[in-house]
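Here are a few exercises to work through with the model open in your viewer. Try each one yourself before reading the solution.

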Amino acid sequence: MDPDLVFARDGFKLHRGEAGGPQDPEKVSARWRTLRTRLGLPEDFRIHDWRHSKVTNDLEAGENPVEVSANVRHHSPGYTMARYGHSRKNGARRLAASSAGRLGLSALV
């Protein structure tokens, strides 16, 4: 069994064989199209767009970048932050304001 599969077979058995093996890419795409339609997402919204949205939302929610990076199997948290950190401006501003407040410098922020 390949532990690096993104879409390993599960109980749905979309592909002949044992659970844990690769799924048929066409069947994964068909399931995605069905789900995308059910959710009312645009036709050009790709699975990878959903992944990007999840990482961005997790980081903006203040989740630990090390855990977010591990969850999406990036090779390092540095890569995750370089790729997705641009969307964290508001979080950086909140952190700066909080730090300044603790130091009694909130008037500077």
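**Exercise 1.** Find out which residues form one aromatic cluster, then describe the pair made by W32 and W50.

*Solution.* Keep in mind that you're looking at a predicted model.

Step 1: pick out W32, F45 and W50, which together form one aromatic cluster. The structure holds two aromatic pairs.

Step 2: take the pair of W32 and W50. A pair of aromatic rings is described by the distance of the centres and the angle of the planes. For W32 and W50 the centres are 5.2 Å apart and the planes make 55 degrees. Planes under 30 degrees apart would be stacked and those over 60 edge-to-face, with the rest called tilted, so W32 and W50 count as a tilted pair.

Step 3: see where the partners sit.

**Exercise 2.** Decide for W32 and then for W50: buried, partly exposed or exposed?

*Solution.* The cut-offs you need are under 20% relative accessible area for buried and over 50% for exposed. W32 has 9%, so W32 is buried. W50 comes out at 37%, which means that W50 is partly exposed.

**Exercise 3.** Work out how α2 and α4 are oriented to each other, and which residues make the contact.

*Solution.* Step 1: get the geometry. Helix α2 packs against helix α4 (residues 77-84) at an angle of about 100 degrees, and the axes are 11 Å apart.

Step 1: classify the angle. Anything from 65 to 115 degrees counts as roughly perpendicular, so that's the label for α2 and α4.

Step 2: list the residues. From α2 you have H52, V55, T56 and L59, and from α4 T80, M81 and Y84.

Step 3: sort them by class. The contact of α2 with α4 has four nonpolar residues, three polar ones and no charged ones.

**Exercise 4.** Zoom in on T80: is T80 buried or exposed, and what does T80 touch?

*Solution.* T80 sits in helix α4. Its relative accessibility is 0%, so T80 counts as buried. Leaving out residues up to four places away in sequence, T80 touches V55, L59, V68, S69, H74 and G85.

**Exercise 5.** Find how many helices and strands the protein has, and what share of its residues is buried.

*Solution.* Of the 109 residues, 19% are buried.

Conventions: Residues are numbered from 1 along each chain as its sequence is written. This is a predicted model: local features need pLDDT of at least 70, side-chain atom pairs count only at pLDDT 80 or more; totals for chains, interfaces and linings use all residues. Side-chain values use heavy atoms; hydrogens and water are left out. Rings of Phe, Tyr and Trp (its six-membered ring) pair if their centres lie within 6.5 Å; planes under 30 degrees apart count as stacked, over 60 as edge-to-face and the rest as tilted. Buried means under 20% relative accessible area, exposed over 50%, partly exposed in between (1.4 Å probe, protein chains only). Axes are lines fitted to C-alpha atoms, for helices over the stretch in contact, and angles run from 0 to 180 degrees between N-to-C directions. Helices (H or I, at least four residues) and strands (E, at least two) are DSSP runs, numbered from the N terminus. Angles under 35 degrees count as roughly parallel, over 145 as roughly antiparallel, 65 to 115 as roughly perpendicular and the rest as oblique. Contact means heavy atoms within 4.5 Å. Ala, Val, Leu, Ile, Met, Phe, Trp, Tyr, Cys and Pro count as nonpolar, Asp, Glu, Lys and Arg as charged, and the others, Gly among them, as polar.
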